[in-house]
Amino acid sequence: MRFKPLWQNRILIPLLTILKQGVSPDKIALSIAFGLTLGVFPVLGSTTLLCAFAAYVFRLNQPAIHVMTFVVYPLQMILLIPFYHAGAFLFSAPMAPLTVTKVMSMLNEDLWNAVSFLWHLTLRAMVAWCLIGPPVTLLLYLALRPVIRRLPFRFPATSEDEMG
């Protein structure tokens, strides 16, 4: 008897089972696309709520969108500084070098100014994401849709599929 790898038994197969339960391939592709792009939103701690809201509004698969957010969490950390820079560029604002040590020092020296500085930095980064996120979501969806449709398991028919 051959044993499947742990990741396949504990992650892949349960996830595929969840994804197949009454969800069309197009909705799965859209769930994954939203999860990937919302997962890099430049406000730490906000992605779970954003994904839950998007899943509710667009009737997406909650597990798929949240799994994708979890998968791209390291990318969210990596993209924070580029989003800060993009926001600074959009608003012609100066971008000071930012490190964790510098942020901690700012918070210790003058809490109010530090929060104000970081708040404005984050708002500008959010605007940059809002310009980049929707087109990236669309491109991911268009790229994933044919891939998901070709997966070797059957999806239950839904009224969406019957309509076209």
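**Close-up 1. The exposed and buried faces of helix α3.** Leu-49, Phe-53 and Tyr-56 are exposed, and they sit on the face of α3 turned away from its buried side. The model shown here and in every view below is predicted. Helix α3 has 12 residues. From its first C-alpha to its last, α3 reaches 16 Å, close to the 16 Å expected at 1.5 Å a residue. The buried residues of α3 are Thr-47, Cys-51, Ala-54 and Ala-55. They cover an arc of only 100° around the axis, so they lie on the same side of α3. The cover over these buried residues includes α2 (25-38), α4 (62-71) and α5. After α3 comes Arg-59, with a positive phi near 55°.

**Close-up 2. Helix α5 and its bend.** Helix α5 runs through residues 73-90 and has 18 residues. Its span from first C-alpha to last is 25 Å, close to the 26 Å expected at 1.5 Å a residue. At Leu-79, α5 bends by about 40°. A proline, Pro-82, follows within four residues of that bend. Gln-76, Leu-80, Phe-83, Tyr-84, Gly-87 and Ala-88 are buried in α5. Their cover includes α3 (47-58) and α7. Just after α5, Ser-92 takes a positive phi of about 50°.

Close-up 3. Thr-122 is part of helix α7, which spans residues 111-149. Is Thr-122 buried or exposed? Thr-122 has a relative accessible area of 15%. Buried means under 20%, so Thr-122 counts as buried. Which residues does Thr-122 contact, leaving aside its neighbours within four places in sequence? They are Pro-42, Val-43 and Tyr-84. Tyr-84 is itself one of the buried residues of α5.

Close-up 4. A disulfide is a covalent bond between the sulfur atoms of two cysteines. How many disulfides does the structure hold? It holds zero. Cys-51 has 0% relative accessibility and therefore counts as buried. Cys-51 belongs to α3, where Thr-47, Ala-54 and Ala-55 are buried too. Cys-130 has 45% relative accessibility, so Cys-130 counts as partly exposed.

**Close-up 5. A salt bridge between Arg-149 and Asp-26.** A search of the whole structure finds one salt bridge. Arg-149 forms this bridge with Asp-26. The closest N and O atoms of the pair are 2.9 Å apart. The bridge links distant parts of the chain: Arg-149 is in helix α7 and Asp-26 in helix α2, 123 residues apart. How accessible are the two partners, Arg-149 and Asp-26? Arg-149 is at 48% relative accessibility, so Arg-149 counts as partly exposed. Asp-26 has a relative accessible area of 18%, so Asp-26 is buried.

**Close-up 6. Pro-146 and Asp-26.** Pro-146 lies in helix α7. At 31% relative accessibility, this proline counts as partly exposed. Along the chain, Pro-146 and Asp-26 are 120 residues apart.

Definitions and conventions
Residues numbered from 1 in each chain as written. Predicted model: local features only at pLDDT ≥ 70, side-chain atom pairs only at ≥ 80, totals over all residues. Heavy atoms only, no water. Helix = DSSP H or I, 4+ residues; strand = E, 2+ residues; numbered from the N terminus. Buried < 20%, exposed > 50% of the residue type's maximum accessible area, 1.4 Å probe, protein only. Contact = heavy atoms within 4.5 Å. Disulfide = S-S within 2.5 Å. Expected span 1.5 Å × (residues − 1). Bend = angle between axes of the 7 residues up to and from the residue. Arc of directions from axis to C-beta. Salt bridge = Lys/Arg side-chain N within 4 Å of Asp/Glu carboxyl O.
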